[in-house]
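Below is a walk through a few local features of one protein model. Have the sequence and the coordinates open while reading.

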Amino acid sequence: MFKMLLSAVVLYFVLPVSITHAANENSTKPYSEQSIYEKPMIERYVLDELKSLRMDQQDLERRITRDITDRELAVADKSMNYANVTVTYFFYIIAGVASLIALIGWQSMREIKENTKRMAEVQLKDISENYEQKFKALERDLKRKTRIISENNREIEKINEVHNLWLRAQSSQTPEQKVEIYDEILKVRPGDLEALTYKADATMEMREFHWALSLCNRVLEVDDTNAHALYQRACAYACLGVEEQAISDLERAIKDSLSLRELAADEDDFENLRGNERFELLLTVVDD
């Protein structure tokens, strides 16, 4: 199209000049004096060419518009055909899957619902039983700890009561009062070895040697290395005249507790042992 416009412009400017030049060569008359039949129709020619070019351009636009419209219609037709084929295949696939499900025997929606409900119930039952067991274990643990706390509280009460009784025993003036307090301690703590040995000491003050001997034997049956009980039994044997047994118990007591050596040197209950060679040697020999 650009070439056609260029040709028209060339014709418009060049052709009149060439025609005029040719006319000048053929005639010596001025152009204004020439006859109308001798003048070329240049303007008409140019206008015809421009009209022809405009008509060709319009025709080209119509062809281009028609071609674009045809292409768009073809694309739309292919798209519709593709969508139609896709939907058709999709429904074919759905139908095939449904047929396959029916053939292999899949369960119905009701059966699936029932199975889901049954599975949920089983899971909930397992969870509830699990938590129930945990709660029972927690309850047992709490009961055990509560029992331990209660026992500890009772033990603390006993300790406080026994401590008060020991304070009363220390402030008592007579051995009889001490024996009564030690009996109360033994009621709170039956078999308390320390209370038995101190009770034996009180009975020795009461000059109840056999009673003191019995109490010491009860302690030594449980703990045969109890130095305090051995010492009290030695005192009881010495007062009863059983010197060799008294010296043997005193040796064992001093062996376990060297501080009893000095106590034995000033003990009035060992008055019968004075002059006994073993007794005197036991008081003078110092362990390395």
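The model is predicted. Leaving aside residues up to four places away in sequence, Asn276 touches Glu243, Glu244 and Ile247. One of these contacts is polar: the side chain of Asn276 pairs with the side chain of Glu243 at 3.4 Å. Asn276 sits in the loop between helix 9 (260–265) and helix 10 (277–284). Its relative accessible area is 15%, so Asn276 counts as buried, the cut-off being under 20%.

Most residues other than glycine have a negative phi.

The next topic is helix packing. Two packed helices are described by the angle between their axes and the distance between the axes. For helix 5 (residues 193–205) and helix 7 (residues 227–240), the axes come within 9 Å and cross at roughly 25°. Helix 5 is therefore roughly parallel to helix 7, because angles under 35 degrees count as such. The crossing of helix 5 with helix 7 is left-handed.

Which residues of helix 5 meet helix 7? On the helix 5 side they are Thr197, Tyr198, Ala200, Asp201 and Met204. Facing them in helix 7 are His228, Ala229, Gln232, Cys235, Ala236 and Cys239. Sorted by class, the contact of helix 5 with helix 7 comprises seven nonpolar, three polar and one charged residues.

Methods:
Residues numbered from 1 in each chain as written. Predicted model: local features only at pLDDT ≥ 70, side-chain atom pairs only at ≥ 80, totals over all residues. Heavy atoms only, no water. Axes fitted to C-alpha atoms, helices over the stretch in contact; angles between N-to-C directions. Helix = DSSP H or I, 4+ residues; strand = E, 2+ residues; numbered from the N terminus. Parallel < 35°, antiparallel > 145°, perpendicular 65-115°, else oblique. Left-handed = near helix turned anticlockwise from the far one by under 90°. Contact = heavy atoms within 4.5 Å. Nonpolar A, V, L, I, M, F, W, Y, C, P; charged D, E, K, R; others polar. Buried < 20%, exposed > 50% of the residue type's maximum accessible area, 1.4 Å probe, protein only. Polar contact = N/O pair within 3.5 Å; in protein donor to acceptor, adjacent residues only side chain to side chain.
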